[in-house]
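Please keep the structure in view while reading.

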Amino acid sequence: MAAATLARRLGRSGVLPLCCRPPAWDRARGPPPSPLQPPGLPLAPCRSFSNNKIQVELDESSGVAMMKFKSPPVNSLSLEFLTEFSISLEKLENDRACRGVIITSALPKIFSSGLDITEMCGKSVEHYSEFWRAVQELWLRLYGSNLVTVAAVNGSSPAGGCLVALSCDYRIMTDNPKFSIGLNEAQLGIVAPFWFKDTFVNVVGHRIAECSLQLGSLHPAPEAHRLGLVDELVSEEKLMEKAAAVMAQWLALPDHARQLTKTMMRKAVLDRLVAHREEDIKNFITFISKESIQKSLRMYMEMLKKKKS
Ligand code: CO8
């Protein structure tokens, strides 16, 4: 019997200690039937959890979770949303059955409208501090995740919404030119922080990021694909099928090798924020508290409302 097969069998029988268990990618074959499971009854392969903002369904047989944003009207990243998002990711990270997550929106036409602007307007210094820490926390968790992360971008995704997609391992977007994606902070009169910029540069390269950030560009889906901001475009009907296929391709590799490679690629950028976290919060508070910035944000919110009428 091959050593690997033997190790797998022993691991399943519980004989081997945790450190000698087969690698996580072998766990994708699924757990052994429970001795408590009545014969003939199918195992429940899915478990789900949900909160006010996000719904998660984990398929235990494949190890893939589907995370759906469900915060109408536009999945804006409020303090509550960011907190629930981080908690959901943490739960999946800690779940030995989970190896990858597909992130998408339950709302038609919007992936996420980015940070909730109302959280950055007319609030106290304490609130700004708590909010920004939550933004940092989410990014550190998502960008540094051990899981395979695939963004299925099924609608517009400006600013913080774009950051969520950029922080994943792979981005697939619906091929609808009405949907756009980008770091448009400059259009709001604000500046994307260095770690938004670093994440963007790591995906599209310095020159494209430089132009796009200065102009605060929102790129329609086909242009985003040309720039490398999204990896693939597919029709709305094919989006989930494609995301599942990409996930399967990434999960075909041993987790430990993929995870170490991901860490190697992303560590410097993550470490930079970790080293300057408190300073970054202070900078945010100073910047966002300026009356000129508050005025820009209020005008932007008014513009959004006027656009409707
Ligand atoms: N935050 C709060 N409310 C929002 C946001 C948002 N990001 N986006 C939209 N809304 C609100 C609108 O005001 C509107 O409210 P109401 O119904 O009360 O009038 C409601 O959501 C619906 O919006 P729309 O009618 O505009 O919906 P559409 O489907 O027509 O359009 C869009 C959806 C395309 C998402 C559009 O709403 C939009 O462009 N929104 C703005 C997106 C944006 O620019 N986000 C940037 C946020 S800033 C950020 O993420 C990074 C900040 C980094 C900070 C750095 C500082 C140092």
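Predicted model: local features only at pLDDT ≥ 70, side-chain atom pairs only at ≥ 80, totals over all residues.

Helices, taken as H or I runs of at least four residues, and strands, taken as E runs of at least two, are DSSP runs numbered from the N terminus. On that numbering, α12 gives the largest share of the lining of the largest pocket, namely seven residues.

**Overall make-up and confidence**

- The protein chain has 309 residues, of which 47% count as buried, and its secondary structure comes to 12 helices and 11 strands.
- Among the contacts in the chain with a separation of 6 or more, 71% are between residues 24 or more positions apart.
- The mean pLDDT of the chain is 88, with 85% of the residues reaching 70 or more.
- Over residues 1-39 pLDDT stays under 50, and for this stretch the model has 33 contacts beyond four places in sequence.

**Nonpolar cores**

- The largest nonpolar core holds 68 residues, and those that touch the most other members are M67, F69, F85, I103, W139 and L297.
- Helix α4 (residues 125-143) provides the largest share of this core, with 10 residues.
- Another core, of 13 residues, lies apart from it and includes Y170, A243, V246 and L251.
- I103, when its neighbours within four places in sequence are left aside, is in contact with M67, F69, F85, F111, L142, V150, A151, A152 and C168.
- In soluble globular proteins, nonpolar side chains tend to be buried together.

**The largest pocket**

- The volume of the largest pocket is about 1,200 Å³, and of the 42 residues that line it, S113, L115, I117, Y300 and L304 are the closest to its centre.
- Two or more lining residues are given by each of β7 (155-158), α6 (194-204), α11 (277-289) and α12 (291-308).
- By residue type, the lining of the largest pocket divides into 24 nonpolar, 11 polar and seven charged residues.

**The largest cavity**

- A search of the whole structure for cavities of 30 Å³ or more finds one, and the largest cavity contains about 40 Å³ of space.
- The residues lining the largest cavity are L77, L82, L115, V135, L138, G160, L163 and V164, which divide into seven nonpolar, one polar and no charged.
- Both α4 and α5 (160-166) supply at least two residues of this lining, and α5 gives the most, with three residues.

**Helix α6**

- The buried residues of α6 are W195, F196, D198, T199, F200 and V204.
- These buried residues pack against α4, α5, α7 (206-215), α8 (221-227), α10 (255-275) and α11.
- After α6 comes G205, whose phi is positive, near 95°.

**The loop residue S235**

- S235 is placed in the loop between β11 (232-234) and α9 (239-251).
- Because its relative accessibility is 22%, S235 counts as partly exposed, the cut-off for a buried residue being under 20%.
- Leaving aside neighbours within four places in sequence, S235 is in contact with T174 and D175.
- Although S235 and N176 are 59 residues apart in sequence, their C-alpha atoms are 7.7 Å apart in space.

Note on methods: Residues numbered from 1 in each chain as written. Heavy atoms only, no water. Core = buried A, V, L, I, M, F, W, Y, C linked by side-chain atoms within 4.5 Å. Buried < 20%, exposed > 50% of the residue type's maximum accessible area, 1.4 Å probe, protein only. Contact = heavy atoms within 4.5 Å. 1 Å grid on protein atoms, 1.4 Å probe; cavity = no way out; pocket = protein on both sides within 12 Å on 5 of 7 lines; lining within 4 Å. Points joined across faces, edges and corners; volume = space filled by probe spheres on them. Nonpolar A, V, L, I, M, F, W, Y, C, P; charged D, E, K, R; others polar. pLDDT = per-residue confidence, 0-100.
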